[in-house]
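Please read the report below alongside the sequence and the coordinates.

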Amino acid sequence: MPDICLPLLACCLAALFPREGRSILGQRIAFAAVIVCAALTASLAAFVPQAAMAATKPPFEFMFVDVGSLLQHSLSTFTLDSSGAATQVGSTMSPFPGNIVVSEHGFLYASDTNKTTISEYRINSDGSLTSEGSVTTPLPIGSYAPVTLDDTGFFAYALLYNNTTGAETIEQYTVDPTTGVLTDIGSVSANNPSTGNCALGFSLFSTLLADPNLSTLYAAGFDCSIAEFSIDSTAGSLSDLGITTLPNDSFPTDPGPIIVPAAEAVFVQSLEQVGNYGIEQILPFAINTTAGATFGTLTEQTSVTVEPEAPFQAEGPLAALSDGTFLLTPTATGTVQLCSNLSGPYGTCSDDLPQSSTETSSVQSFKIGPDASLSNVSTTPVETATQTATCPTSVLMQDPTSLACSYAGTTPLSGPVLTGSGVGPLFVDNSNQFLFYADPGTSSVQSSLIEYQINSATGQLGRIAQLLPGVPVDYGGFSAPSIGFYSPEGQATLKSNPSFVTFKGTITVGSASKPHTVKLEAPKSNTQSIAIFGLTWGGTTNPKDFTVVLGPNNQTPCVGDVLAPGQNCKFKVEFTPQEAGAPLTGTITVRSNAVKYPTINIPLTGTAQ
């Protein structure tokens, strides 16, 4: 308590006791003084604890960045404040396993490809890690993202590979919520039957994807198909739902797939075999949410071209906002300027040589619509790198048949300055506000981790900072980093069910559809209550195209509700078209104090005549 509080408190206590000769007016003044002194004392007494709390308040998020090569990885920890400012804390841990996954209950799991150990760590209040031991897997662990957690954080799954037989299995684990320790509960087969439909014909999975809304698990990767499993919410065991085969002329690039729970969709990064070079594209799959035999299965939607057929192009791993609004992918394109007018005694030289090459990288944002549809909304440039050389001064010799030449003078470039091993991956933080791009660098640009602010309304990106510049690793290919986020203020997540609303049939302009019910849910795994303080809605073309049904006294439903773990609130929305259109779209936006996903956008669509 500040020193000034003690005299004020003494003054207040003295005023409580009447003195001889004090008038009625004096007593009233003394009573008023008591009220004023008490208020001042309370305010000042509260000042120091609040200031101390502000000084010791945990960061907005911890970010764990695992980078390295095939031989050795290291882990760096950053704090993120609410503005996205990143500060490295503690010392880099090296060596450290290469694949990490973070539990919202405060644990981190790490594993190395082709090893048989999953290491378990507790995340301390300062972001440091304390080992909780490890678990030995029956077979070597797969590549890229071989370990995942379900949404509750109480079950874990590891993709394992038998180097002798080539068989793959998914090992199932329960997670101790107190210690984070994994307990093996058996395995299921993850073998991908060779159908002969894939352009590459591979039958291996490399990535596990868990859908928190539907309790489903998907195995995918550099192969021909996606395996589908349901998760028993009580025991954590998996049941086979079948396999979805990719189109004949496409194959996923590794790492390719990503799941977007709020959109109930799986998106696969793919290369379609067209012409000499192929087309970089995204394959969307809608997840069937109807109860029954087809629940959790996938339905292919219309593919989206990211980069057209060209000799120098690359598409990086996908990332998405968990609220189902935007999908993002990094891309790189290259151009080559050739030396011209090179001729020998038999005519123009057939082997034109490059004089300069330029690579341009960017991040493309796609709006996610109903049924996993995608529309490109913005492209954010990352960097441009150029390499030049001097063209030959003369032709020494020329083959009369092939017209190939040998030259005198400075040797020109041998090829374009492309990254070679691909475009680095993207990572979105828990709040859906910040994007991190692992820029692989080029021969003239150092590798780094670039941070962007995400505009939740438009999907556009604003550059914030460049982290870890000059790290001597290639962020592409097998040495791609893995990044995990942890919100130390406690797990507080809010979900909408359904995650989007589609009004069936055709509604007459000026009338209203039957209302659809939307449920806002606080998962049982939350560690704190959720306060809902905002719910807005409107149509894209006309704000009145969609309407939330108000409660008594025109009260907005759910606003002001505080949901304890496991609780929910409901509201109804109607399609009230003001003009004809097919389709008309809109959005409901929910704002809360959730640490994870404080803003939820619920897409709306309907047809009017």
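The text that follows takes these topics in turn, after a short note on conventions.

This is a predicted model, in which local features need pLDDT of at least 70 and side-chain atom pairs count only at pLDDT 80 or more, while totals for chains, interfaces and linings use all residues. Residues are numbered from 1 along each chain as its sequence is written, and side-chain values use heavy atoms, with hydrogens and water left out. Helices (H or I, at least four residues) and strands (E, at least two) are DSSP runs numbered from the N terminus. Buried stands for under 20% relative accessible area, exposed for over 50%, and partly exposed for what lies in between, with a 1.4 Å probe and protein chains only.

## Disulfides

A disulfide is counted where a pair of cysteine sulfur atoms lies within 2.5 Å, and the count by this rule is two.

| Disulfide | S to S distance |
|---|---|
| Cysteine 349 and cysteine 405 | 2.1 Å |
| Cysteine 558 and cysteine 569 | 2.3 Å |

The link of cysteine 349 and cysteine 405 is left-handed, because the torsion about its S-S bond is about -95 degrees. Cysteine 349 is buried at a relative accessible area of 4%, and cysteine 405 counts as buried at 10%.

The link of cysteine 558 and cysteine 569 is right-handed, with 120 degrees about the S-S bond. Cysteine 558 is in the loop between β39 (546–548) and β40 (562–563), whereas cysteine 569 is in strand β41 (residues 568–575), so the parts tied together are 11 residues apart in sequence. Both cysteine 558 and cysteine 569 are buried.

## Strand pairing

Two strands are taken to pair if DSSP finds at least two bridges between them.

Strand β13 (residues 216–220) is mostly covered, five of its five residues being buried. In a regular strand the side chains alternate between the two faces of the sheet. From β13, Thr216, Tyr218 and Ala220 point one way and Leu217 and Ala219 the other way. Strand β12 (residues 207–211) pairs with β13 in the antiparallel sense over five bridges, with threonine 207 opposite alanine 220 in β13. Four bridges also join β13 to the antiparallel strand β14 (residues 225–231), where phenylalanine 229 is the bridge partner of leucine 217.

## Aromatic pairs

Rings of Phe, Tyr and Trp (its six-membered ring) pair if their centres lie within 6.5 Å, and planes under 30 degrees apart count as stacked, over 60 as edge-to-face and the rest as tilted. The structure holds six such aromatic pairs. Among them, phenylalanine 436 and phenylalanine 485 have ring centres 5.8 Å apart and planes at 35 degrees, so the pair is tilted. Phenylalanine 436 lies in strand β31 (residues 434–439) and phenylalanine 485 in strand β34 (residues 482–486), so the pair ties together parts that are 49 residues apart in sequence. Phenylalanine 436 is buried at a relative accessible area of 0%, and phenylalanine 485 counts as buried at 9%.

Phenylalanine 503 and phenylalanine 546 also form a tilted pair, at 6.0 Å centre to centre and 35 degrees between the planes. Both of these residues, phenylalanine 503 and phenylalanine 546, are buried, and Phe503, Phe546 and Phe575 form one aromatic cluster.

Serine 103 is placed in strand β4 (residues 99–103) and counts as buried at 2% relative accessibility. Contact here means heavy atoms within 4.5 Å; not counting residues up to four places away in sequence, serine 103 touches Tyr109, Leu149 and Tyr486.

Serine 378 lies in strand β27 (residues 374–388) and counts as buried at 8% relative accessibility. The C-alpha atoms of serine 378 and glutamine 460 are separated by 6.0 Å, although these residues are 82 residues apart along the chain.
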